[in-house]
Amino acid sequence: MKNRFDELRRVSWSMPDGKQKLAVLEEMIRIADLYMTEEDSYHVRMDYTSAAMDAGFSEKMLISFSWCVAKFDKNPGRYSHFNLLWHYKWILDGIWKMPEMTFDQIERMFEDFKERCTRHGHNLRAYHQKRVNLYISLGMFQEAAESYKLWRSTPRDSLADCQACEQNLFGEFSFKMNHLKRGMQAVKPILEGRMVCGSVPQNTYSLIIIPLMKLKEYDRAVAIAKKAVREIEGPQYLEEYGVFLEFFTITDMTRATKLYEQTIRYGMESKIGWSRLQYFYAVRLFLNEWGKTKRRKRLAESDRVTLPWIDHEIAKLTEAFNRRNGSLYVNEFLAEKQKHTERLVAAYWNSTSQ
């Protein structure tokens, strides 16, 4: 069985992120559990955690990672604490996106990560950074600002995200605080190609579309959106696809249709509530606009993906997040998105009519 395990590992190295790669790694886990060592089972599950994140299946990460944490705690000298903590950061980035995770569970995981950082000789820069993401998602902007100050004032260490990822969040935080020019200045080195990594600038493009429209840089927004959809690929970019689907629904219906056809199955397969909510919001706009004109073309998944179904999914997810968060912030978030959409429509048509 070791030969089969090694063969699958070689195959997995060249596979694109997605369900097929996860299926290969799941078979490797079964072989390792039945015929190989605990170390083999541990390391393939860590690989699976990484692959699940890259494929946009954060819920699958939790199962494999929890198994690894339990084994690590039983034999803390056997496995790399640095590798575990690095994967832990990915978990913290994903858990708040699932309304099934209670606020108490999220808090316990954050505090566990904090304690492990201190125990293994790291400072709390990574912890404060992940706190910024969490508080922004909950609409707790004062708390986000406090964590942002702690993050920026704590020196970088080996557990800090790469500089490109950090710079991306500098921009995102500024945009959330409605400091548009400051945010654009923060992401400037990314847009100029001076800072890149595996997820940047792909994650950056969607952040700047609305700020560019607010700043009346319409032509630049169009250019960025066209560039972005050529460079992002895979289910892990579901939220980004939503931003560009909304944008092209207003500015280029042909391009929007193509993007919808390419991505709707990602939305239907995703189990990540926050990603589904943002993507389906864009789908609702697209279907509304699509339905205003008689068309011969039949859309992908048209039997299932209807406006009533989309409305039901959005309402269900909104209620789940509000119940988990103990606030109506998601309603406020969606209302603000609606305002942005209306501004986008007005701004675009005013710019094209001049």
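This is a predicted model: local features need pLDDT of at least 70, side-chain atom pairs count only at pLDDT 80 or more; totals for chains, interfaces and linings use all residues.
User: How are helix α8 and helix α9 oriented to each other?

Analyst: Helices here are DSSP runs (H or I, at least four residues; strands are E, at least two), numbered from the N terminus. Axes are lines fitted to C-alpha atoms, for helices over the stretch in contact, and angles run from 0 to 180 degrees between N-to-C directions. The axes of α8 (residues 141-153) and α9 (residues 163-176) come within 12 Å and cross at roughly 150 degrees. Angles under 35 degrees count as roughly parallel, over 145 as roughly antiparallel, 65 to 115 as roughly perpendicular and the rest as oblique, and α8 and α9 are therefore roughly antiparallel.

User: What is the handedness of the crossing of α8 and α9?

Analyst: A crossing is left-handed if the near helix is turned anticlockwise from the far one by less than a right angle, and right-handed if clockwise. The crossing of α8 and α9 is left-handed.

User: Which residues make the contact of α8 and α9, and how do they divide by class?

Analyst: Contact means heavy atoms within 4.5 Å. On the α8 side the contact is made by Phe141, Ala144, Ala145, Tyr148, Trp151 and Arg152, and on the α9 side by Glu166, Leu169, Phe170, Phe173 and Lys176. Ala, Val, Leu, Ile, Met, Phe, Trp, Tyr, Cys and Pro count as nonpolar, Asp, Glu, Lys and Arg as charged, and the others, Gly among them, as polar. The residues of this contact divide into 8 nonpolar, no polar and 3 charged.

User: Which helices do the buried residues of α9 pack against?

Analyst: Buried means under 20% relative accessible area, exposed over 50% and partly exposed in between (1.4 Å probe, protein chains only). In α9, 10 of the 14 residues are buried, including Leu169, Phe170 and Phe173. The buried residues of α9 pack against α7 (125-138), α8, α10 (180-191) and α11 (202-214).

User: What is the phi of Asn178?

Analyst: Asn178 follows α9 and is found in the loop between α9 and α10. Its phi is a positive value in a residue other than glycine, near 65 degrees.

User: At what angle do α13 and α14 cross?

Analyst: In α13, residues including Leu238, Phe244 and Phe248 take part in the contact, and in α14 the partners include Met253, Leu259 and Tyr266. The contact has 10 nonpolar, 4 polar and 1 charged residues. The crossing is left-handed, and the two helices are roughly antiparallel. The axes of α13 (residues 238-251) and α14 (residues 253-269) come within 8 Å and cross at roughly 155 degrees.

User: How many nonpolar, polar and charged residues has the contact of α4 with α5?

Analyst: The axes of α4 (residues 58-74) and α5 (residues 81-95) come within 10 Å and cross at roughly 145 degrees, and α4 passes α5 in a left-handed crossing. Among the residues that meet are Met61, Leu62 and Phe65 in α4 and His81, Leu84 and Trp90 in α5. By class, the contact has 11 nonpolar, 4 polar and no charged residues.

User: Which residues is His122 in contact with, leaving aside its neighbours within four places in sequence?

Analyst: His122 is found in the loop between α6 (103-119) and α7. With a relative accessible area of 12%, His122 is buried. Apart from its neighbours within four places in sequence, His122 is in contact with His81, Phe82, Leu85, Cys117, Asp157, Ser158 and Leu159.

User: Is Lys216 buried or exposed?

Analyst: Lys216 lies in the loop between α11 and α12 (218-231). Its phi is positive, near 65 degrees. At 63% relative accessibility, Lys216 counts as exposed.

User: What is the omega of the peptide bond from Val200 to Pro201?

Analyst: Pro201 lies in the loop between α10 and α11. The peptide bond from Val200 to Pro201 is cis, with omega near 20 degrees.

Definitions and conventions
Residues are numbered from 1 along each chain as its sequence is written. Side-chain values use heavy atoms; hydrogens and water are left out.
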